[in-house]
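Please look over the sequence and the structure shown here before reading on.

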Amino acid sequence: MGWKEFWDGEHAIYVNARHRLLHDRRIATDIAALIPSRDAVVLDYACGEAGEAGIVAARCGKLILSDQAASVRAKLAARHGGMPNVEILDPEGVRALPAGSVDLIVVNSLLQYLSRPELDDLLAMLRPLLKDDGRLVIGDVIPRGQSPVADAVSLLRFGFEGGFLIAAGIGLVRTFFSDYRKLRADLGLSFHDEHEMLAILDHAGFAGERRRENIGHNQGRMTFLARRA
Ligand SMILES: C[S@@+](CC[C@H](N)C(=O)[O-])C[C@H]1O[C@@H](n2cnc3c(N)ncnc32)[C@H](O)[C@@H]1O
């Protein structure tokens, strides 16, 4: 199994329904805060199930949700397909979007699953889609040297604040024996330090900067804002 199959199958990345709800709500609220105007076209790339995408859709003109996993897109269609300003696309559909048509592209919690060539290809695909003043936001980038223990502590804190601490503890034990951990050990994850990310963005034709706060609850990870250079 690779990451692609992992995301297309059943997985227990959330410890319970409350964790999923609070995660989705936090991500959607953070994305909504980045929207430049009420009529903005927003692309959430590698959006996952995006359970609270309605929060984002309510704040923009059009929301494009895209994920490579067919099973995820089916869930997106079932949950959000009825919203008039939401479109669900596979990555090829994103590639075919008109140049200069998107105000905000968000890529959250994806880079750790991409090789460097895949990341370069992704940036090359996304860059032409941005309007002249459009912005690319890449969130949840894991710096080198970040240990899984830091992620575990962050989850426990999120669980404490969100009222699912015990489930978070049980979830961590379950993760230890899960496909996720085996895949993480076998395939590894990609890590990027701040200066590397800025160099990768520069190489891809973006002017980037690190944002003070990360998208989502894990503040040990990083978010970058970028415009076409
Ligand atoms: C960790 S989840 C992140 C979901 C969401 N962005 C969030 O922050 O909650 C990663 C998602 O990226 C999708 N994905 C992985 N590789 C992808 C790629 N190359 N293009 C598009 N989606 C991808 C997976 O199917 C999965 O749903």
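The model is a predicted one, and within it Phe6 has its place in helix H1, which comprises residues 3-8. Phe6 counts as partly exposed because 19 other C-beta atoms lie within 10 Å, whereas a buried residue would need 20 or more.

When the neighbours within four places in sequence are left aside, Phe6 is in contact with Met1, His11, Asp179 and Leu183. The C-alpha atom of Phe6 is also separated by 9.3 Å from that of Ala69, although these two residues are 63 residues apart along the chain.

## The two sides of helix H6

Helix H6 runs over residues 116-126, and its buried residues are Leu119, Leu122 and Leu126. These residues are on the same side of H6, because they cover an arc of only 60° around the axis. On the other side of H6, by contrast, Arg116, Pro117 and Ala124 are exposed.

The cover over the buried residues of H6 includes three strands, S1 (41-45), S4 (102-108) and S5 (130-141), together with helix H10 (194-203).

## Around the ligand

The ligand is surrounded by 14 residues, of which Trp7, Ala46, Gly48, Gln68 and Ala69 are the closest. Sorted by class, the shell around the ligand is made up of 9 nonpolar, 4 polar and 1 charged residues. Ala69, one of the closest residues to the ligand, is the residue whose C-alpha atom is separated by 9.3 Å from that of Phe6.

Conventions. Residues are numbered from 1 along each chain as its sequence is written. This is a predicted model: local features need pLDDT of at least 70, side-chain atom pairs count only at pLDDT 80 or more; totals for chains, interfaces and linings use all residues. Helices (H or I, at least four residues) and strands (E, at least two) are DSSP runs, numbered from the N terminus. A residue is buried if 20 or more other C-beta atoms lie within 10 Å of its own, exposed if 12 or fewer, and partly exposed in between; C-beta atoms are placed from the backbone. Two residues are in contact if their C-beta atoms, placed from the backbone, lie within 7 Å. The arc is that of the directions from the helix axis to the C-beta atoms. A residue is near a molecule or strand if its C-beta atom, placed from the backbone, lies within 6 Å of it. Ala, Val, Leu, Ile, Met, Phe, Trp, Tyr, Cys and Pro count as nonpolar, Asp, Glu, Lys and Arg as charged, and the others, Gly among them, as polar.
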